[in-house]
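Dear colleague,

Please find below the structure that I am handing over to you.

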Amino acid sequence: ARENTWDSFIRSPGPPPLRTDYGWLLFYHAFGENDTVGYRLGAMLLDLVDPTKVLYRAAAPVLSPDEHYENHGKPGVVYACGAVVRPSATGEETLFIYYGGADKVICVATAPLRAFLDMLVTGSQPTLTTMTPAQTA
């Protein structure tokens with residue numbers, strides 16, 4: 001945890017980390033000490049040899065409970081349950097994050113893996129795009 005940041009209170013790690021060229025990609029659930037929002041999702045890269053070393057960390061959440069279905073139930077809660085990388089039709093690898101919303105629904109968010117990692121490493125803010133039910137059908 002870091003003082004005076006959105007993730008000053010880390011609740012727990014998310015799914016098992018993914019091995020990447022930059023290090024172990026770890027997602028975690030956190031919130032600020034004075035935050036009224038529930039859990040948001042953060043991302044960091046850990047050293048492959050010594051995973052106690054944080055190499056890079058997103059400055060802000062990569063996923064927040066903004067969708068109506070993430071707030072209908074226990075409001076303001078998103079937490080990652082699974083993470084996989086799959087090749088797309090174009091051959092580009094896509095990151096899929098399976099997450100719980102409002103302690104009531106299972107959801108999925110995606111990002112092009114290379115772009116997500118590049119943004120994390122360069123200090124830009126990586127984001128995930130949530131998929132609505134119509135997009136997953």
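**Surface and overall form**

The chain has an accessible surface of about 7,400 Å², and 54% of this belongs to carbon and sulfur atoms; such areas come from the Shrake-Rupley method with a 1.4 Å probe, and for residues only the protein chains shown count as cover. Please note that this is a predicted model, in which local features need pLDDT of at least 70 and side-chain atom pairs count only at pLDDT 80 or more, while totals for chains, interfaces and linings use all residues. Residues are numbered from 1 along each chain as its sequence is written, and side-chain values use heavy atoms, with hydrogens and water left out.

Two helices and nine strands are present in the chain (DSSP runs numbered from the N terminus: helices are H or I of at least four residues, strands E of at least two). Their order from the N terminus is β-β-β-β-β-β-β-β-α-β-α. The radius of gyration is 14 Å, close to the 14 Å given by the globule rule for 137 residues, so the chain is as compact as a globular protein of that length (the radius is taken over C-alpha atoms, and the rule is 2.2 Å times the number of residues to the power 0.38). Of the 137 residues, 40% are buried, where buried means under 20% relative accessible area, exposed over 50%, and partly exposed in between (1.4 Å probe, protein chains only).

**Helix α1**

Helix α1 covers residues 113–122, and its buried residues are L113, F116, L117 and L120. Seen down the axis of α1, these fall within an arc of 95°, so they line one face of the helix (the arc is that of the directions from the helix axis to the C-beta atoms). Among the elements that cover them are β3 (24–31) and β8 (105–112), contact meaning heavy atoms within 4.5 Å. Just after α1, G123 has a positive phi of about 90°.

**Aromatic rings**

There are five aromatic pairs (ring centres of Phe, Tyr or Trp, the last by its six-membered ring, within 6.5 Å; planes under 30 degrees apart are stacked, over 60 edge-to-face, the rest tilted). W6 and Y28 are stacked, because their ring centres lie 6.0 Å apart with the planes at 20°. This pair links distant parts of the chain, with W6 in the segment before β1 (9–13) and Y28 in strand β3, 22 residues apart. W6 is buried at 11% relative accessibility, and Y28 is buried at 1%. F96 and Y98 also form a stacked pair, with 6.4 Å between centres and 15° between planes.

Yours sincerely
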